[in-house]
Every structure is written in C-alpha cells, then in structure tokens.
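This report walks through selected features of one model. The sequence and structure come next, followed by the description.

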Amino acid sequence: MAAKRSPRAQSTAVARSLLYVGPRAIIASSLAELESAGWGMSFAAHIDDAPGALSKIRPAAAVIGFDEKDLLTSGQKIESIIAHHPHLRWIALLPRKALEDTSIRKLIGSAFYDYHTQPINTARLLVILGHAAGMAEIAEDALYMAPHEPGASKEVEMVGASPVMQQIYQDIRKVASTDAPVLITGESGTGKELAAQAIHERSSRKDGPFVAVNCGALPANLIHSELFGHEKGSFTGAHERKIGRIESASGGTLFLDEIGDLPLDLQVNLLRFLQEQTIQRVGGREDIAVDVRVLAATHVDLEKAIQLGNFRQDLYYRLNVLQIRMPPLRDREGDIPLLAQYVFNRFADERGQRVKGFSEDALQIMANYDWPGNIRELINRVRRAMVMCDKFLITAADLGLERRRNSRIRVSLNQARDLAERDAIRSALADNLGSVTRAAEQLQISRVSLYRLMEKHGITPPTQKS
C-alpha cells in the first residue's frame, strides 16, 4: 500500500513531514494536534509499505505504532528499514506491557531513537518528535555530500562533523569554484580521492567525466601509454589506437593519485601537458588539445622528494596552485564514532543477523586508538567485525583492538580530578612522614575530610601499613 497524504496536510503549508507506520487508529486521537503543530502526516499501513513511502517523501522523523504481536513478528524488517535510513530518527508507539518482553526491549534499545507508551500523550510526543527531527538534522549536516544532494552519488560521501573537517568542507567548496590545479596531501587512507571526487561534483565540470589514475599502481612500461594513449602499430602489441586517461577525461576532471610515484621521464610529459593543454599519443605526431582540470594527490613529502632529485620542482609548482591537506583520523576529534556508525549502516547487508551496533567499550577504544591506517583501516575493521561478531553488540575484541597499546588515553574531568587528588594526598603524607594531621594542614582541609578522601582513593598512611 502506497503512502497517502492526509487531506489536511495537503491543504496546509507545513514545515516538517512525519511518516507514521502502523494502524491509523493508534495515532488517530493525536492527528489534529500534530498537524496543528506543523507536522505534515504521511501514512503506511504496514512495515512492508514503509520503503515505498520513504522513496516518495523525505520525513523529518518517523513513528511506528504496533501492538506487542506485530513488534515481535516484524522486528527483523523494522531493523532492516531503520538500518537503511541512518539519518532518520524513529520513535516507537507501543503498549506499556510490551516493554516486559526482553526481545522488544532489545529492539527498542538498539534500533529506535525513543519510544512512547500508549495511550498517547500528544504534548509529550511532540517534544520527542522535535528532538528527533533536530538530531536527524545535526547528523545529516555531518555528511558533507549525502546521496540526496544534487550531483552526488552514494560513492561520494565525506563523513565528519569535527572542526578540522568543517574547514576541509569549506576549502573544497572554495577550490571547486575555480579551474586551477589542486594538490591534495595527507597520509594514506585519509580520503584524498573522496576529496577529489567532492571537488569534481561541486565544480562546473560535474557533468563531465571523473577519471582517476593511480600513478603508483601502473606498470612502468605501460604508464606512458595509459596516460597519453597510443597509435596503432606504435609498439609491439599495439593492434589498435588507444585513447589515454588524460584524453578520456576531456571536459571533466583528471585525478592523479600518488603523483609522487610518477617516473621522472613522464613528469616532463605531464609538465608539457599542463603548460600547453595538449598531448601527443605514443607513436603519434599530432598535438591533441585536451580540456581537463587536474587534481593530484600524494602521501609523499614532495618538497623533500625535490631535494632528493625524485620530483621536478617546476611540476610541483604547476600542480600546487591550490592545496588541501586531509587530516589523519587521530586528529578528527569526535568523528570516529560517527564514521563507525556510518560504515555499520552503509554495509548493513553484510552484518550478522544478531549484530545491532557497538558496545560502549568498542566505541571507547575506537575513540582512543591511533588508527595508523586512517579511514581505510577503520572501514576494514568495522566490516570484518560486522561479519565475525556473534553477539548483540560489536566489542573491542571483534575489532581486534582489545590488546593493542593505546597512546591516546583520554580521561574525563572527574577522572583528572581524582588523579590530582590522589597524587596530592600521597605527596602530603610522604612530606609529613605519614602524619594525617600535618598532611591535612598542608592540604588546608580538615582531618575528617582527609580521612574521607583517603578512604575514597584507597590510601593508607605509611605509618599504618602492615
């Protein structure tokens, strides 16, 4: 059954759309107040109808109203739909007695943003919906280029809400508006190609091709032909004319990944192309004009490579007109849980049936881990854990991080305060040879307070040790 708009919603301009899935009788008493509060209602009678409804509308929030039996029989379908719409926040309307069932509690806890027990208190439901819509908007803002944006695709998504990534998004928007070459630097696995794709998708060339070439992956004896093409008979095995990567990118963007690995002799040819915007195929004599914007990326320090004689300085200046430096994952404060959840939702079809999310210890150790392989390592670890985990929640052990030494231990304010208290007390007791009275005077607190703090931290004065 397709989603239907309520008559009142059709005639009233509303700010936000709400999808309700389930028997309309459950929510009927609240419809007038919801619509008066600015919610435009859409309906799907059954969970099987929800995907069709979501393909036609983009709700700010969604509500599922089921009885206990329907929740138990449709749990897997509900989880699947929620997993495939990670930006949407879902609220469950359910009978109070349903919460006594362990399976339903697990379903609510793992899949839903919030719940409301029947009968409905409309005022409270409106508050929940307002929070859900707000959180969905914040989460969506964290995706720089989400699939629904014009010109975007599911393969071009940059995820992150940290200040350093917000600056990257601004830089991408700025350089996308010009046609000058851009050099994208950063460690391996930081998403340099994603940045290049985002620049292309935001540029005036977005309708043209995006051609990516990994300069470090092409065989040395073929890279000239791959980049510039060749004429028929130009060398053994050249049975027909071949259009090179540069020429095939005409009208669009050429992305040269790992440009630091390009052989010196080919750096000369590339420099000539950048200066004259023409190429010659291998075995050809004709200058071919090519209209291409060049983006290049490297994890190599090109200035050092120039000093070592491995990279041409004139080519470096041609490529480095504009520059974007992609930050390592360890510097993206707060982005790691967001990225992990994004990967979890993106590859939802790969995970085990029982796996519903991440445990607290997994999130904690991921936030503290250095991620030497950056985003690529995070994706690989999360995908592997999704397949191998046989529990309800992914643990640090599933990620293979439980025994890894952590150099980024973070403490909360309370933990830092406790550490400072413990050190100060031990120091004062040592300075005063174990005398609690004199230690309390030094710390400028009462003996009673000092004894209380000593008990809290498990400290025994030296003179009282057995």
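## Helix 21 and helix 22

Which residues in helix 21 meet which residues in helix 22? From helix 21 the contacts involve Val436, Thr437, Ala439, Ala440 and Leu443, and from helix 22 they involve Arg447, Leu450, Tyr451 and Met454. The model is predicted.

Helix 21 covers residues 436–443 and helix 22 covers residues 447–457; their axes come within 9 Å and cross at roughly 100°. The two helices are therefore roughly perpendicular to each other.

Five strands form an open sheet in the order 8-9-12-7-13, with parallel pairing. Strand 8 and strand 13 (322–325) are at the edges, and each has a single partner strand, so one side of each lacks a neighbour in the sheet. From one strand to the next, the twist averages 20°. In general, the strands of a sheet pair through backbone hydrogen bonds, either parallel or antiparallel.

Strand 8 (residues 210–214) runs parallel to strand 9 (residues 253–257), and five bridges join them. Asn214 has Asp257 of strand 9 as its bridge partner. Val211 and Val213 make up the covered face of strand 8, while Phe210, Ala212 and Asn214 make up the uncovered one. Elsewhere in the sheet, strand 7 (residues 182–185) pairs with strand 12 in the parallel sense over four bridges. Leu183 stands opposite Ala296 in strand 12.

## Helices on the sheet

Helix 10 (residues 192–202) packs on the sheet and touches strand 7, strand 8, strand 9, strand 12 and strand 13. The direction of helix 10 makes about 150° with that of strand 7. Helix 9 (residues 163–176) lies across strand 7, strand 12 and strand 13, and runs at about 155° to strand 13.

Helix 13 (residues 264–276) has 13 residues and reaches 19 Å from its first C-alpha to its last, close to the 18 Å expected at 1.5 Å a residue. Its buried residues are Leu266, Gln267, Leu270, Leu271, Phe273 and Leu274. These cover an arc of only 160° around the axis, which puts them on the same side of helix 13. They pack against helix 11 (223–228), helix 12 (245–248), strand 9, strand 10 (278–279), strand 12 (293–298) and helix 15 (313–319).

## Helix 16

Helix 16 (residues 335–346) has twelve residues and reaches 16 Å from its first C-alpha to its last, close to the 16 Å expected at 1.5 Å a residue. Buried residues of helix 16 include Asp335, Ile336, Leu339 and Ala340. Tyr342, Val343, Phe344 and Asn345 are also buried.

## Backbone exceptions

Most residues other than glycine have a negative phi, and most peptide bonds are trans. Gln277 has a positive phi, near 60°. Asn374 also has a positive phi, near 55°. Asn374 is in helix 18 (residues 374–388) and counts as buried, at 0% relative accessibility.

The peptide bond joining Gln118 and Pro119 is cis, with omega about 0°. Pro119 is in the loop between strand 6 (114–118) and helix 8 (122–141).

Terms used. Residues numbered from 1 in each chain as written. Predicted model: local features only at pLDDT ≥ 70, side-chain atom pairs only at ≥ 80, totals over all residues. Heavy atoms only, no water. Buried < 20%, exposed > 50% of the residue type's maximum accessible area, 1.4 Å probe, protein only. Pairing = 2+ DSSP bridges. Expected span 1.5 Å × (residues − 1). Arc of directions from axis to C-beta. Contact = heavy atoms within 4.5 Å. Axes fitted to C-alpha atoms, helices over the stretch in contact; angles between N-to-C directions. Parallel < 35°, antiparallel > 145°, perpendicular 65-115°, else oblique.
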